[in-house]
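This report covers the two chains and the contact between them. Please look through the model before reading on.

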Amino acid sequence: MHPIEASGLTKTYGSVLGVDSLSFHVESGEVFGFLGPNGAGKTTFIRLLLGLISPTSGTAAVLGADVREEAALIEAKRRVGYLPANLGFDPGATGEDVLDYHGAVKGDSRRQDLLAMFSPPIDRPIREYSTGNKQMLGLVQAFMHDPDLVIMDEPTSGLDPLKQERFHEFIRAERDRGTTVFFSSHVLSEVRRVCDRVGILREGSLVALEDIDTLLAQGGKRVHLRAAEDVHDRVRSLDGVFDLDTVGHELHFTYAGGYNELLDRLASFEILDIEITEPPLEDVFMHYYGDDTETDDPATKLEAGDA
Amino acid sequence: MTLKPTIPQQNWRQEMLETARYEVDRRRRGTVVLTAGISLVAVFFIALYPSFQTADIDIDQMIEAWPPAMREAFGLVTLASIEGFLAVELYNFVWVIVLGLYFAYLAAGLIADDIEGDRMDLLCSLPVSRTRVLFEKFAALVVPILAVNVVVGSLVYAGTIAIGEPIDALGLVMVHLLSIPYLLLCATIGLVFSVKFDRGDVAKRAAIAAIFALYLLDSIAGSVEEISVVQSLTPSGYYDPTAILVQETYAIGDAGVLLVATAVVLVGARVLFVRRDL
């Protein structure tokens with residue numbers, strides 16, 4: 001049994017497509033990143049998992065419970081933690097009121113540990129909370145009953161860089177304890193840092209499902225070279241070169257072929273300087289988005305977020 | 001992957017009313033303010049009564065001269081007794097109209113406000129069924145309904161004794177007791193709007209409009225014989241403070257109708273809530 005298993009999961013709102021026949025699963029004990037720009041369907045998928053909305057067709061199972069079966073899903077939810085993207089609390093309640101309530105319903109065996117790590121001012125009314133404090137309260141409630149599966153929608157939004165780093169460390173430690181973590185993000189650096197696998201969602205469809213390393217490898221290498229002569233045409237004719245950018249005798253390009261072919265070609269040039277690096281995940285991501293002019297420019301929606 | 005130690009299940013099954021309890025706590029201040037406010041109104045009317053009675057006019061003769069539709073609308077039979085006076089000023093006005101509207105308004109916010117304020121996602125991610133969420137939230141309204149009845153009822157009893165015009169105790173108990181099914185029905189009607197609309201304001205306005213329209217319908221139907229049957233379709237047609245306090249007729253059956261209607265509307269609200277996308 002996989003903690004999350006989607007089979008042909010589809011949700012349409014009238015003529016608007018939320019998610020389109022998603023079929024994939026999340027492995028037990030992994031950190032799975034669900035990546036895509038705003039509006040790609042990440043939140044729709046998560047809300048389907050929690051039974052907040054019902055599928056138009058297909059289904060999904062959470063800890064073995066079909067999301068269409070309320071009773072079964074309720075049983076499963078005892079072992080699920082959830083952090084929504086838009087986190088709302090009663091403004092008049094204190095953080096403690098909220099945690100007491102959540103604790104009474106689902107348990108709070110780890111509450112104190114979590115409060116030591118994320119420290120929202122729990123004795124103050126939530127209306128006085130900053131976005132970051134709300135988010136920390138959300139994290140505490142998501143993990144305090146020691147769930148087997150935690151589903152988070154944009155978990156680090158609103159956290160300052162220090163808290164984000166603490167959160168990433170925490171997620172890695174959670175995985176080591178055996179917790180399965182599923183979270184959506186449009187912050188690529190975060191996904192890269194903590195995820196074992198990623199799914200990339202585009203307009204409701206899954207366009208990639210890979211180990212993070214494979215995904216990076218598929219993106220090719222970034223090559224930056226400075227030559228003593230004009231080599232533009234000779235580089236461009238090489239298979240596997242794309243996104244070539246030439247300024248004078250300086251060239252930037254992405255290379256997806258084998259190293260030997262590249263080096264063979266380069267050996268015939270007079271090279272002054274060369275640097276071959278792993279591409280930023282943004283570039284990898286662009287491969288799944290970049291060829292469609294209909295989509296809004298994802299670069300404007302995606303944050304490099306190197307916090 | 002390391003396996004997690006199994007944590008013994010909490011005693012969640014013994015704790016069944018967390019949501020209702022939480023809601024009651026959240027509404028504590030509102031309940032106190034409401035009860036205090038209505039208490040003030042009651043004290044004001046009771047304090048007014050002696051001067052009303054000693055005024056050198058035959059008030060009931062004046063009422064006779066009023067158009068029947070007016071008398072019907074305000075439940076006017078007599079103002080010459082404390083029962084008749086309070087039936088009109090406090091119960092027909094405050095209980096039937098003000099509290100009817102207020103509890104419909106409150107109930108209309110129960111679900112819609114949580115959806116609008118992004119609280120519903122988190123609430124429904126808890127291991128609690130939607131039916132339970134709905135019913136417990138609704139049950140939390142019973143506390144202010146009881147509080148305002150018990151406190152103001154006691155105050156009226158003490159107040160009328162204080163001005164030397166003690167009110168009939170049985171009538172007083174009945175006018176409060178029989179108002180509870182009426183207020184519950186008003187609240188359930190508000191609840192239907194709450195599960196139907198995503199915005200609290202819209203749900204609340206619709207609920208207030210509906211309760212007020214039903215009240216007007218009852219008033220109009222009460223004075224036009226040909227359509228008097230319409231009264232039986234309105235909640236206020238089943239709760240008549242004047243009949244209870246002045247004529248001492250306790251329509252237990254009518255209260256039963258209100259309770260059955262409450263149950264039916266509540267089930268309807270549940271069906272809507274369980275089926276809808278949040």
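A residue counts as buried if 20 or more other C-beta atoms, placed from the backbone, lie within 10 Å of its own, as exposed if 12 or fewer do, and as partly exposed in between. By this rule 45% of the 307 residues of chain A are buried. The model is predicted: local features need pLDDT of at least 70, side-chain atom pairs count only at pLDDT 80 or more, and totals for chains, interfaces and linings use all residues. Residues are numbered from 1 along each chain as its sequence is written, while chains are lettered from A and ligands numbered from 1 in the order in which they are written.

Helices (H or I, at least four residues) and strands (E, at least two) are DSSP runs, numbered from the N terminus. Two residues are in contact if their C-beta atoms, placed from the backbone, lie within 7 Å.

In chain B, buried residues make up 42% of the 278 residues. The C-alpha trace of chain B spans about 90 × 45 × 30 Å along its principal axes.

The contact between the chains takes 32 residues from chain A and 25 residues from chain B. On the chain A side, α2 (70-77) and α3 (95-106) each supply at least two residues. The largest share of that side, six residues, comes from α3(A). The residues of the chain A side divide into 12 nonpolar (Ala, Val, Leu, Ile, Met, Phe, Trp, Tyr, Cys and Pro), 10 charged (Asp, Glu, Lys and Arg) and 10 polar (the others, Gly among them).
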